[in-house]
Amino acid sequence: MANVKTGLNSIVKYLSTKKETGRRSIGLLVDGPNVLRKEFNVNLEEIRDVLKEYGNVKIGRVFLNQYASDKLVEAIENNGFEPIICSSDVDVRLAVEGMELVYNPTIDTLALVTRDADFKPLLNKANEHGKETIIFGVEPGFSTALRNSADYVIILENDQMNYYDDYIPEPKKDGESEDLMQGSRRKKDVLLDY
């Protein structure tokens with residue numbers, strides 16, 4: 001089993017070792033209602049900075065529902081992202097935009113920030129068409145199916161950013177069954193703040 005590497009510098013180094021010749025053109029899509037919550041404390045600036053070390057973020061869109069506050073929309077714009085306000089289902093709009101990136105010849109890498117397994121078909125289609133996929137998954141509740149569909153997985157949890165190639169199950173509590181597919185996961189080493 002591979003050791004876990006943690007912290008911002010480690011993530012940057014991890015992605016930079018995965019670079020092919022030349023810089024990657026990245027399309028970044030953020031599932032706002034699912035990850036931009038106070039309890040998760042997701043830092044879009046940190047995500048953008050990590051991706052900038054790997055390539056050029058050509059498209060950066062944050063999908064929001066119609067209830068998003070003006071302050072949130074302003075903060076997203078101030079971070080250099082394009083806010084997309086959806087009057088209907090945010091997931092559908094993000095999936096449609098994601099498919100456009102899959103077929104966009106100028107985009108090499110599709111990066112998603114979400115926890116939602118609804119985007120597994122999008123990642124599969126991107127991989128099928130030769131696009132690299134990076135998922136920034138937010139814990140708790142990050143889909144195992146989604147995690148297993150991306151080329152590179154970065155976990156955002158408790159103000160920390162981690163990547164790992166292998167997982168170990170959370171120790172089970174008394175009276176709980178051990179479900180390796182649905183169970184939560186924990187990192188194998190000490191975590192560093194990002």
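I began with strand β5 in this predicted model, and found 6 bridges joining β5 to β6, the two strands running parallel. Within that pairing, I noted Thr109 standing opposite Glu132 in β6.

I then turned to the other partner: β2 (residues 24-31) also pairs with β5 in the parallel sense, over 5 bridges, and here Val30 stands opposite Val113 of β5.

Next I looked up how well β5 is covered. Of the 6 residues in this strand (109-114), 6 are buried; Thr109, Ala111 and Val113 lie on one side, Leu110, Leu112 and Thr114 on the other, and both faces are covered.

I count Ser143 as buried because its relative accessibility is 13%, and buried means under 20%. Leaving aside residues up to four places away in sequence, I found Ser143 touching Arg115, Asp116 and Ala117.

For the helices, I checked α5 (residues 90-102) against α6 (residues 120-128), which pack at an angle of about 5° with their axes 10 Å apart; that angle makes α5 roughly parallel to α6. On the α5 side I listed Leu94, Ala95, Gly98, Met99 and Val102, which meet Leu122, Lys125 and Ala126 in α6, and the residues of this contact divide into 6 nonpolar, 1 polar and 1 charged.

Last, I looked at α3 (residues 44-54), whose buried residues include Leu44, Ile47, Val50, Leu51 and Tyr54, along with Glu46 and Arg48. The N-terminal end of α3 is capped by Asn43, with a side-chain oxygen 3.0 Å from the backbone nitrogen of Glu45.

Definitions and conventions
Residues numbered from 1 in each chain as written. Predicted model: local features only at pLDDT ≥ 70, side-chain atom pairs only at ≥ 80, totals over all residues. Heavy atoms only, no water. Axes fitted to C-alpha atoms, helices over the stretch in contact; angles between N-to-C directions. Helix = DSSP H or I, 4+ residues; strand = E, 2+ residues; numbered from the N terminus. Parallel < 35°, antiparallel > 145°, perpendicular 65-115°, else oblique. Contact = heavy atoms within 4.5 Å. Nonpolar A, V, L, I, M, F, W, Y, C, P; charged D, E, K, R; others polar. Buried < 20%, exposed > 50% of the residue type's maximum accessible area, 1.4 Å probe, protein only. Polar contact = N/O pair within 3.5 Å; in protein donor to acceptor, adjacent residues only side chain to side chain. Pairing = 2+ DSSP bridges.
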